[in-house]
Amino acid sequence: FGEVTEGLGGSASYFAMSASHFAPVRIVAVVGDDFPAQHRRGFEQRGIDLSGLETAPGRTFRWRGEYSAELGHARTIETQLNVFSTFHPRLEAHHRATPYVFLANIDPDLQLEVLGQMRRPRLSVSDTMNYWIARKPDRVLEVLRQVDIALLNEEEAKALSGETQVTRAADRLVQQGANAVIVKKGEH
């Protein structure tokens, strides 16, 4: 139990830091001009290619929430899209040729834009969040149909599928066209 303010977050950050232990990683994203230099240095120290990291005037995306004693359940208090609200990913040739693609938790329309620019990746994985599921469920489902693996937490899987039991939720998402679904269960 504690509090973190202005901490580095986001599935792209966590994925990039983790994956950098095993393979070269490239990030295509947008941050605001308020993005701390120490975060950028942290990526660079891990050898992460930031050539696709765009800096736009304004504030970086912000999410504020809280976790209860059961860490698999987050309650969103506030989501600020900020510079992300007008972002459209532009992939350079070396990004388009990347064989493994992780579509971080971004607008599903942008995830589809990225997929449309890729040259047949060997593996594509997507992430999402309740914000996009509530606003664009059909587009989230379209992403699930186009990627190899969809990552959702338990609450997201239940919300998107309309099911109340986690295995039924995963089964329902596959019935709706997902190729494979991994339901993350927080501390479990």
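Predicted model: local features only at pLDDT ≥ 70, side-chain atom pairs only at ≥ 80, totals over all residues.
## Overall shape

The chain contains 8 helices and 8 strands. Its radius of gyration is 16 Å, close to the 16 Å that the globule rule gives for 188 residues, so the chain is as compact as a globular protein of that length. Along its principal axes, the C-alpha trace spans about 45 × 45 × 30 Å.

Among contacts in the chain with a separation of 6 or more, 56% are between residues 24 or more positions apart.

## Surface and charge

Of the 188 residues in the chain, 40% count as buried. The accessible surface of the chain is about 10,900 Å², and carbon and sulfur atoms account for 51% of that area.

The chain carries 22 positive and 24 negative side chains. The centres of these two sets lie 4 Å apart.

## The nonpolar cores

The largest nonpolar core has 26 residues. Those that touch the most other members are Phe84, Trp132, Leu144, Leu152, Leu160, Leu173 and Val181. Two or more residues of this core come from each of the helices H5 (130-135), H6 (137-146), H7 (154-161) and H8 (166-175), and from each of the strands E7 (149-153) and E8 (181-184). Helix H8 gives the largest share, 4 residues.

Not counting residues up to four places away in sequence, Val181 touches Ala150, Leu152, Ala170, Leu173 and Val174. A second, separate core has 11 residues, including Ala19, Ala29, Val31 and Ile48.

## Threonine 128, a buried loop residue

Threonine 128 is found in the loop between strand E6 and helix H5. Is this residue buried or exposed? Threonine 128 has a relative accessible area of 6%, and because buried means under 20%, it counts as buried.

Leaving aside neighbours within four places in sequence, threonine 128 is in contact with Asn105, Ile133, Val140, Leu151, Leu152 and Glu156. One of these contacts, Leu152, is also among the residues that touch the most other members of the largest core.

## Arginine 96, a partly exposed helix residue

Arginine 96 belongs to helix H3 (residues 93-96). Its relative accessibility is 24%, which lies between the limits of 20% and 50%, so arginine 96 counts as partly exposed.

Which residues does arginine 96 contact, leaving aside its neighbours within four places in sequence? They are Leu91, Gln117, Met118 and Arg119. Arginine 96 and valine 143 are 47 residues apart in sequence, and their C-alpha atoms are 18 Å apart in space.

## Two residues with positive phi

Glutamate 6 is not a glycine, yet it has a positive phi of about 60 degrees. This residue is found in the segment before helix H1 (11-19). Because exposed means over 50%, glutamate 6 counts as exposed at 52% relative accessibility.

Arginine 120 also has a positive phi, of about 40 degrees, although it is not a glycine. Arginine 120 is found in the loop between helix H4 (108-117) and strand E6 (123-127). At 81% relative accessibility, arginine 120 counts as exposed.

Note on methods:
Residues numbered from 1 in each chain as written. Heavy atoms only, no water. Core = buried A, V, L, I, M, F, W, Y, C linked by side-chain atoms within 4.5 Å. Buried < 20%, exposed > 50% of the residue type's maximum accessible area, 1.4 Å probe, protein only. Contact = heavy atoms within 4.5 Å. Rg over C-alpha atoms; globule rule 2.2 N^0.38 Å. Areas by Shrake-Rupley, 256 points an atom, 1.4 Å probe, with all protein chains shown as cover. Lys, Arg positive; Asp, Glu negative; His and termini not counted. Charge placed at Lys NZ, Arg CZ, Asp CG, Glu CD.
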